[in-house]
Amino acid sequence: MPINTDRILTTHVGSLPRSERLIRANAARRDGSIDEADFQKILTEETQAVVDRQVEIGIDIVNDGEYGHAMSQAVDYGAWWHYSFARTGGLKLLTEGNPANEVHRSEPGKLKYTSFADRRDWTRFQDFYTAELDLGNDPDRSFPATVAPLTYQGQDEVGRDVRNLAAATEGKGVHGAFVAALSPGSAARVGNLYYPTDKEHIYAWADVLKEEYKAITDAGFTLQIDDPSVAEGWDQINPEPSVSDYLDFIQVAVDALNYALEDIPTEQTRFHLCWGSWHGPHSTDLEFKHLADTLLSVDAAGYTFEAANARHAHEWKVWENLELPEGKYVIPGVVSHSTNLIEHPELVAQRIEQFAQVVGKENVVASTDCGLGGRLHPDLAWAKLESLTAGARIASKRLFG
């Protein structure tokens, strides 16, 4: 069945600006100054509010803004990832001796991630990245390592997420709703001090995360897999590898994800590919043409990817030479998190129409490049979503009449 029948549907990637009330509540929860029942009440109410605002703007496929992924400050580039730490047993916070903080030099056929601070784009533009620009680009060094068998312990948290979203969307007439979850490949970028091989580490994460995936789809929601490691990891191999070596390197993560998705309905799954959401040059982003086949090999119905920012807006033309499998659809970004400029609705419409020309108007859902929460001022984030829906209306009129 085509996803669009009479108009272009709209959605976004997941993270939305947290309210000041929720940010304060998360900070208070972390320091123990709020009762858990009071925190949960605030979370439920703020989830309702963020869904209501999406509906008001005209977003068709909504979510909970990732409000269940704790964020206690206005700028937080790691909330999409960090939430999983509290939901997984076998991890230990290590500020010293964490393998993920070690600098590595790869060789042909023997690739290994270097540290986050040793990225090639970050070292090339070191003066920019270390300048006092308040862009939230400090490399993250405070994350855990795997020190024991990984186990899933997030049943209560994911149950709360789906209950809050179900309550918030009831009777709202939304076209659909989704919940974002981490991929095994991205999760496994924490340090590994337990599993004998990187492959075993990734598959252990797959066994953990499939529990979260099933809880989301069993609740009737679409599962969105967040996996920047597929594209963004290219920048974290130092020196730059060959494309073929890199595709071989990430294949184990793709295989582990498909393994984790074996019991998940494909029609309830969408996959998000991005090159990292930090504000920077992104001069080392791997071109989408090299990743397209890998993207389409993921067992998902929808594919969401960056297509609006200055580094990737030209790559819609790659789809001229791709065959979108039957039953699949694309969710391109047509407004971006990487600029404070609000895209004109006419530009949004043109971007939608470009994709409609190459994959069919029935197979395009208009979206954002990446999450907007913590990456833009809230006023700008919501204005971009308004421009998104306005542009979709223009494109719909032209494409559907």
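At 9% relative accessibility, R120 counts as buried, where buried means under 20% relative accessible area, exposed over 50% and partly exposed in between, computed with a 1.4 Å probe on protein chains only. The structure is a predicted model, in which local features need pLDDT of at least 70, side-chain atom pairs count only at pLDDT 80 or more, and totals for chains, interfaces and linings use all residues. Residues are numbered from 1 along each chain as its sequence is written, and side-chain values use heavy atoms, with hydrogens and water left out.

The side chain of R120 meets that of E240 in a salt bridge, at 3.5 Å from N to O. The term salt bridge denotes a side-chain nitrogen of Lys or Arg within 4 Å of a carboxyl oxygen of Asp or Glu. R120 belongs to helix α4 (residues 120-124) and E240 to the loop between α9 (229-232) and α10 (243-260), so the pair ties together parts that are 120 residues apart in sequence. Helices (H or I, at least four residues) and strands (E, at least two) are DSSP runs, numbered from the N terminus. In contrast to R120, which is buried, E240 is exposed, with a relative accessible area of 53%.

Side chains of opposite charge can pair when their charged atoms come close. A search of the whole structure finds 21 salt bridges. Another of these pairs is formed by D52 and K172, whose closest N and O atoms are 2.6 Å apart. This pair also links distant parts of the chain, with D52 in helix α2 (residues 36-57) and K172 in the loop between α6 (155-169) and β5 (176-182), 120 residues apart. D52 is partly exposed at 32% relative accessibility, and K172 is likewise partly exposed at 29%. K210 and D207 form a salt bridge with closest N and O atoms 4.0 Å apart; both residues lie in helix α8 (residues 198-218), 3 residues apart, about one turn of the helix. A network of salt bridges links R21, K41, E45 and E46.

The account now turns to the strands. Strands of a sheet pair through backbone hydrogen bonds, either parallel or antiparallel. An open sheet of 8 strands with parallel pairing has the order β1-β11-β10-β9-β8-β7-β5-β2; two strands are taken to pair if DSSP finds at least two bridges between them. At the edges stand β1 (9-10) and β2 (61-62), each with a single partner strand, so one side of each is left without a neighbour in the sheet. The pairing of β2 with β5 is parallel and extends over 2 bridges, and I61 has G176 in β5 as its bridge partner.

Helices lie across this sheet. Helix α8 lies across β5 and β7 (222-226), running at about 175° to β5. Helix α12 (residues 345-359) lies across β9 (302-305), β10 (329-335) and β11 (365-368), at about 155° to β10. For such angles, axes are lines fitted to C-alpha atoms, for helices over the stretch in contact, and the values run from 0 to 180 degrees between N-to-C directions.

Other strands also pair. Strand β3 (residues 88-93) and strand β4 (residues 144-152) are antiparallel over 5 bridges, with G89 opposite T151 in β4. Strand β4 is joined to strand β6 (residues 191-192) by 2 bridges, and these two run parallel.

Helix α1 (residues 20-31) has 12 residues and reaches 17 Å from its first C-alpha to its last, close to the 16 Å expected at 1.5 Å a residue; the expected span is 1.5 Å times one less than the number of residues. Within α1, L22, I23, A25, N26 and A28 are buried, and the buried residues of this helix pack against α2, contact meaning heavy atoms within 4.5 Å. After α1 comes G32, whose phi is positive, near 80°.

Two loop residues complete the picture. H282, in the loop between β8 (269-273) and α11 (288-296), is buried with a relative accessible area of 9%. Leaving aside residues up to four places away in sequence, H282 touches D121, Y129, W275, G276 and R311. A polar atom of the H282 side chain lies 3.0 Å from the backbone oxygen of W278. Q268 lies in the loop between α10 and β8 and is buried at 18% relative accessibility. The side chain of Q268 reaches the backbone oxygen of T217 at 3.0 Å.

Conventions:
A polar contact is a pair of N or O atoms within 3.5 Å; within protein, one must be able to donate a hydrogen and the other to accept it, and residues adjacent in sequence count only if both atoms are side-chain atoms.
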